[in-house]
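I set down here what I looked up in this structure, entry by entry.

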Amino acid sequence: MEITRSNLTEKLEEIAEAIDQATFLAVDGEFTGLDKPDCSHSAPFDTAKERYFKLKEGSLEFLMIQFGVCAFKFKEDTQSYEARPFNFYVFPRPYTRQAPDKRFLCQSSSIDFLVQQGFDFNKLFREGIPFLMPTEEDVMRESLAGKHQAFSKFSSPAFVSPDGADMGPGKGPVQIPDEQKDFIAGVCNKISSFIETSESEVLQLAPCNGFQRKLIYQTIRTKFSAVHLETKTGEKKDRFIVVTKVASEDDLKKKEKDKQNAEIMELEEAVGFSKVMKLISKSGKLVIGHNMILDVMHMLNDFLCPLPADLEEFKSMVKCCLPRLIDTKFMASTHPLRDVIPNTALGNLQETLEKGPFTPAKVELMEGFSDYQNATDKYHEAGYDAYVTGCMFATMTNYIGNYKKPDPKPAVAPTEAVLKPFMNKLFLMRIADIPYLNLGGPDLEPNRDHVFHLSFPREWKSADINNLFAPYGSIHISWLNDSSAFVSLFKKDNAAVVLKTLAMTQSQYQLVPYNVYKSKAGVASSLMPPPVPEKASSFVPVSTPTPLLTGLKRSAADPAADDDDSDSNESASKKQRSANKDAAPLAAMEEDEIPELVPRSEGDSDKSSNGRGVTNTPQKMFAEPEVW
C-alpha cells in the first residue's frame, strides 16, 4: 500500500493496527546516497568502532527518501503468515518558516540508479511525507502554544501578528515608515469599502512581505472591529492576508479558535512520518532487515534521536528504540545456511530460497495489499524489498528450526529460541574477521598479527607486492591509496618470519605490523572523535529521563533479557572470551546438532549505489576465522 502526504492521516490507524498485530516487522530504506568522498571508505581491517564512525560521518547527511515496512502476522491454525506491506515516500518539507529547513546530500550514482529503477521523484517532492525529530516537534509545539496564549492577552486576539511576533503588553506598535504609509492607507480603504459595500464575506489582499503584513495587522486592529485576519500561503509559496467579516465578538472568537485548530492540525501533519517510526519503536516488535545497518542508523538519526559519537552509546540507543533486530544477510552468511546459499544479495537470495532444499514460507497478502502479488519488477521499491525480506526470513527460520530434525514442522514461529544466535547482530560488509556488529555485547577483537601495513613507491602494482611476499605464501592486498596498503597472510604462521625478514626499513618500502601502524600513525585516535563529556552527551540511556526520547516511553531493559543480559556481572575479560566463542547454542537442538555459526567471507554486496543489487567479485581475505 502506497502512503504519501495526502493519505497518511487517513491510513495512520490502519498502519498502527497492522504494527500492533504483527508477529514481526520487515523494513527497508532507499537513500539519496551512501558515502561522502571526504570520509574514509570502509576497509577490510576496520575495527567495529572505526566502521561505526565511518558510517556515521560518511552516510547520515544523505536522506532516506523511501521507507518500507511490512507487517507479518503468524497464524497458528494455518501455519502461514498474513502480510501487510506499506511503502512510504518521505521528504522533509518545512511547514512554516520557523520549522527546520533540512539540508541533505545527493550522490549522482544513487539518484541515477533509482531513476533506472523507476523511482518517482515528482511524487517524492510533491507528495513526500514530512517529518520532525522529537526535539524539533517539542520546540514547534511550545512555539505554537506560546503564540496561542498570546492571543488571549488581547480583547481582539485575531489581530496579533501571524508569526507570533505580536506587540505584547510591553511593546508599542511599529512606527509606519513614510514609504509604507500610502500602502497601508490603500489597504485600509480597500477593507473599509469591503465592509460597507461588498456582499462577499471574504476579501483576499494582494501578497506582500512580512513587514507589510505586520503593519496591516497592527493597523487593522485599531481601525476595524468587524473583521478577522488570517495569513495564508498560496500554491507558489506567496503569503497573503485573508479578511473575513464577523457578526459579533463570539463569531470572532470562533474563527480564531478554528484558525488555531487548523494550525495544530498543520503541525500534526508536519510531524508526519515520525509518527510511524514512533509506532514501530513503541511496539517493541522483532524488526527484520537485509544488510540493515544503514537502515537502522537512518531510522534512529532521521526520525528519533541524533546518533551519538560513541559506539557503546549507539548500542544503548538501539536497545531502547529497536530492542530486537535480525539481519537476514547475517543469517544467510552463517552455517548451516551459508552451505546452501551461494549469494546473499537480495535478489539472488530470493531465487535460492524458492527452490530446494528450502520450502518457501506460506505468505498471504491481505486485501488492499495485493500490489506485490507475483511481482517481479518491484526491486528497489522499499515496500517490496521489505516484503521480500520478511518472506526470506520466514523461509530461513523454517529451515534452521527444522535443521536435522527427524519430524520437521510445516512452519517455525519466529519466537522460537532458534533465532537467539542471530538476535541484535548487524552484518558488517567486507570485514571477514568481524562479520557483525554485536548490539547486545562486546564486539570481536580478532588477532591480526598476520596483517601488515606496507608503504611503497606509487608506481608499484599488485604484482610487485605479490612478488615481495611470494616466499611466504598467498596474500590479500587491501589498498589504502597509491602508495600504501594492508597485506594479510593466508598462512598466519609465517607472520613471525615476515616480520623478521621484511620489516626492516628499506629504501623502497617500509613494512610494519598492523597493531604498530595503528598505534604509531594514530589511526584510531584520528578516526574517532574526542570523547563526549558526560554532561554534553548526545544520548542518555533511558534509565535517566531525557527530552530527546520524549514520547517513546520504553525502559532500556531488553524485552528479551535472557538473550544478552545474563552475563552483565561477568568481568570484561570473561565477556570478551564469551564473545569470541561461537554464537549462543540453539536451545531447541541437541548438542551434536548445533550448527556451526561461522560466516562466509564477504564477497557480495546488497548496498549498491542506491543500496542494493550490485554484486562484487568475491574476495577471500583469510582462512575462515576459527572463532567469532
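Predicted model: local features only at pLDDT ≥ 70, side-chain atom pairs only at ≥ 80, totals over all residues.

Entry 1: Residues are numbered from 1 along each chain as its sequence is written, and side-chain values use heavy atoms, with hydrogens and water left out. Strands (E, at least two residues) and helices (H or I, at least four) are DSSP runs numbered from the N terminus; two strands pair if DSSP finds at least two bridges between them. Within this pairing, F452 stands opposite V487 of β15, and H453 stands opposite F486 of β15.

Entry 2: I then followed β13 to β16, to which 4 bridges join it in an antiparallel run. S455 has Q510 of β16 as its bridge partner. I also checked burial (buried is under 20% relative accessible area, exposed over 50%, partly exposed in between, with a 1.4 Å probe and protein chains only). Because 4 of its 5 residues are buried, β13 is largely enclosed by the rest of the structure.

Entry 3: In what order do the 4 strands of the open sheet stand? I read the order as β14-β15-β13-β16, with antiparallel pairing. The edge strands, each pairing on one side only, are β14 (475-481) and β16 (510-513). Neighbouring strands of the sheet are turned by 25° against each other on average, direction ignored.

**Entry 4: helix α15 and L468.** I traced helix α15 (residues 462-469) across β13, β14, β15 and β16, and noted that it runs at about 135° to β14. Axes are lines fitted to C-alpha atoms, for helices over the stretch in contact, and angles run from 0 to 180 degrees between N-to-C directions. L468 is found in α15 and counts as buried at 17% relative accessibility. Leaving aside neighbours within four places in sequence, L468 is in contact (heavy atoms within 4.5 Å) with L454, W460, L502 and Y509. L468 and L502 are 34 residues apart in sequence and 8.7 Å apart in space, C-alpha to C-alpha.

**Entry 5: helix α16.** Which residues of helix α16 (residues 495-502) are buried? I listed A495, V498 and L502. They cover an arc of only 65° around the axis, which puts them on the same side of α16; the arc is that of the directions from the helix axis to the C-beta atoms. The cover over these residues includes β13, α15, β15 and β16. The face turned away from the buried side carries the exposed residues A496 and K500.

Entry 6: The contact is made by V296, M297 and L300 of α10 with F314, M317, V318 and C321 of α11.
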